[in-house]
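Q: I'd like to learn how to read a protein structure, one feature at a time. Could we walk through one together?

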Amino acid sequence: MKPSLFGQIHSNRDYTKAECWGKNQFNSSFPASLVAYMFSKNLKPVYIKTDHENNIVHNYIDGEELFGINPLSEDAYYAFEVGYAPFEDFYQGEREKIDLVMSNYQTKELLCGLEIKLTALPDNTTKSLPESEWGTEIVMRPPTICFLACSICSNYRTLEGKERLRSMLQNVPQINHWEESDEVLPHFHEILVSVLSVSTDMCDHQKPLIIQPIWKTEGNKMRLKEGCLDVFVWSNLSIIQMCCMEDSFDIKKLNRFNRTIIWLYKMLLDYVTYNMFDYKRIIRLQSYNLANDKAFALSGTKTHAFLQGDEIANPRISKYEIKNIILGGGQELLSPERRFDAVLVNSPDIFVEDDKGR
């Protein structure tokens, strides 16, 4: 058998080539096959959603519902790091690539666009805590917020829908200089309330946007737990709630979470005003003296509240099943980062003195 990944009959990656097993490629292609493998075992990823009061709730989502097609079908096409045309109707400028686009191999119909974030459990902030309190770090990049805005716009694409969306955004007083934090900060409460009202309005139409597989180790040791793999899926609306963990109604200075809400509001406002939004311009001008390399990040101490449950305590896929996902000796083509600390940890013999005192 040639090197391959479970379930991916058709893909834009050729797994017989070593370059398709690099860190950036593997971090998106392996999770897609993990979903397919779980589907083959009739296991559903945990689906993190919101209810009508914008509370986080857990459901389960079938792999076929997630991908829009049976993950094992001959017609399933896995395309990684490509543009997703249905989102490109809503923003102008350079095309953004999304981690995974599923389509029908025969009809070429595009079925979904998903971001993938492969995360370690526990992270540095929770590795010393009791296992029941472990969490994972998750980092959101600006393109993810663009995709979030697009997924919301797609729910309001008709004339009637745009008017409905506009009515929920018009409670914010006119802001002439969005790039000035002093002008935006006094109205942040209204901005947040508007975004949350949109979230409530489309609760019954939320869609998956992020696949977050976890791989669980023995605390701070680089050894996999026997039950080590599981998958969480975040809906578009649940991402908004990541920004609402702190008191957002009495703030003195904008942080990354507040800024993300402002970015999202401005994208939606420009959509109903101009039919499109300039995502790159919004990110550039509305930085508020914060770096734009990421939208925000949540440490494991924060994500634990979102992820806690049976699946994070006892992941359902065993480390001994990884050989059923990475096929044909593909593991031999992996090229992990050459980190000095990892080399030291895996070289205990160099710290043992020999009979010459070395």
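This is a predicted model: local features need pLDDT of at least 70, side-chain atom pairs count only at pLDDT 80 or more; totals for chains, interfaces and linings use all residues.

Q: Where is Asn275 found?

A: Asn275 sits in the loop between α9 and α10. Those labels come from DSSP runs numbered from the N terminus: helices are H or I with at least four residues, strands are E with at least two.

Q: What is the phi of Asn275?

A: First the general idea: most residues other than glycine have a negative phi, and most peptide bonds are trans. Asn275 has a positive phi of about 75°, although it is not a glycine. Tyr288 also isn't a glycine, and has a positive phi of about 55°. Tyr288 lies in the loop between α10 and β12.

Q: Is Tyr288 buried or exposed?

A: Tyr288 is buried, with a relative accessible area of 8%. Now look at Asn289, in the loop between α10 (279–285) and β12 (296–298): Asn289 is exposed, at 80%.

Q: How do I read two helices packed together?

A: Two packed helices are described by the angle between their axes and the distance between the axes. Here, helix α7 (residues 188–201) and helix α9 (residues 256–274) pack at about 65°, with axes 10 Å apart. The axes are lines fitted to C-alpha atoms over the stretch in contact, and angles run from 0 to 180 degrees between N-to-C directions.

Q: Which residues make the contact between α7 and α9?

A: Contact means heavy atoms within 4.5 Å. From α7 come Phe188, Ile191, Leu192, Ser194 and Val195, and from α9 come Asn258, Ile261, Ile262, Leu264 and Tyr265.

Q: What about nonpolar cores?

A: In soluble globular proteins, nonpolar side chains tend to be buried together. A nonpolar core is a set of buried Ala, Val, Leu, Ile, Met, Phe, Trp, Tyr and Cys residues joined through side-chain atoms within 4.5 Å. The largest one here has 68 residues, and Ile152, Ile191, Ile240, Met267, Phe277 and Phe296 touch the most other members. Helix α9 gives the most to this core, with ten residues. A second, separate core has 34 residues, including Trp21, Phe30, Met102 and Ile116.

Q: Which residues does Arg164 touch?

A: Not counting residues up to four places away in sequence, Arg164 touches Tyr156 and Asp201. Arg164 is found in helix α5 (residues 159–169) and counts as partly exposed, at 47% relative accessibility. The side chains of Arg164 and Asp201 are joined by a polar contact of 2.5 Å. A polar contact is a pair of N or O atoms within 3.5 Å; within protein, one must be able to donate a hydrogen and the other to accept it, and residues adjacent in sequence count only if both atoms are side-chain atoms.

Conventions: Residues are numbered from 1 along each chain as its sequence is written. Side-chain values use heavy atoms; hydrogens and water are left out. Buried means under 20% relative accessible area, exposed over 50%, partly exposed in between (1.4 Å probe, protein chains only).
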